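Below are some notes for a colleague on this structure.

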Amino acid sequence: MMKVADLMTTQLVTLKEDDSLATAKSLMHNKNIRNLPITNDLGECIGLLTQREYLRHAFYLVSQFGTQQLSHKEEQTPVAKAMNTDILTITPTTDLDVAAEFFIENKYGCLPVIEDNKLVGILTPVDFVRLAHRLLTKQDQ
């Protein structure tokens, strides 16, 4: 049985809670990612900023300050104001079928992978699509 460790992404892009929303927006755009784990100095995952949460907070800033102030307010706003701290995590030793069922049933965009209280990876539905593509390509050969 394959484990989460066999599929998870380990080349992580993370932020600290005092990094700005502008930094998060730039990383999401430049790295083409939708989920940013937020870590503390110990490497523990203390939150998650998703593209949806970023947009929700950006709309709030626009409603409060107008579109002309958005960039300035994003520079001033720490990620901590928009991140979700009530996150579900998974371990590298979890069976991959359990993780797949979780994604199917809960419609989450990602699961941070935690080992010894440290963030070691992230698992997304895209990882499963890559696996399916790999298996389908082998099947055609």
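Predicted model: local features only at pLDDT ≥ 70, side-chain atom pairs only at ≥ 80, totals over all residues.

1. H1 covers residues 21–31 and packs against H2, residues 51–65. The angle between the two helices is about 135 degrees, and their axes lie 11 Å apart. Since angles over 145 degrees would count as roughly antiparallel and 65 to 115 as roughly perpendicular, H1 and H2 are therefore classed as oblique to each other. Their crossing is left-handed.

2. On the H1 side, the contact is made by Leu21, Lys25 and Met28; on the H2 side, by Gln51, Tyr54, His57 and Leu61. By type, the residues of this contact divide into four nonpolar, two polar and one charged.

3. The buried residues of H1 are Leu21, Ala22, Ala24, Leu27 and Met28. Leu21 and Met28 are also among the residues that H1 contributes to the contact with H2. H2 is one of the elements that cover the buried residues of H1. The cover also includes strand S1 (35–39), strand S2 (45–50) and helix H3 (70–76).

4. How many disulfides does a search of the whole structure find? The search returns zero. For Cys45, the closest cysteine sulfur is that of Cys110, at 8.3 Å, which is too far for a bond, because a disulfide needs the two sulfur atoms within 2.5 Å. Seen from Cys110, the closest cysteine sulfur is that of Cys45. Both side chains belong to buried residues: Cys45 has a relative accessible area of 17%, and Cys110 has 3%. The cut-off for buried is under 20%.

5. Is Leu111 buried or exposed? Leu111 counts as buried because its relative accessibility is 2%. This residue lies in strand S3, which runs over residues 111–115. Apart from neighbours within four places in sequence, Leu111 is in contact with Leu88, Ile90, Phe102, Phe103, Ile122 and Leu123. For a distance to check, the C-alpha atoms of Leu111 and Pro125 are separated by 9.3 Å. These two residues are 14 residues apart along the chain.

Notes
Residues numbered from 1 in each chain as written. Heavy atoms only, no water. Helix = DSSP H or I, 4+ residues; strand = E, 2+ residues; numbered from the N terminus. Buried < 20%, exposed > 50% of the residue type's maximum accessible area, 1.4 Å probe, protein only. Contact = heavy atoms within 4.5 Å. Axes fitted to C-alpha atoms, helices over the stretch in contact; angles between N-to-C directions. Parallel < 35°, antiparallel > 145°, perpendicular 65-115°, else oblique. Left-handed = near helix turned anticlockwise from the far one by under 90°. Nonpolar A, V, L, I, M, F, W, Y, C, P; charged D, E, K, R; others polar.
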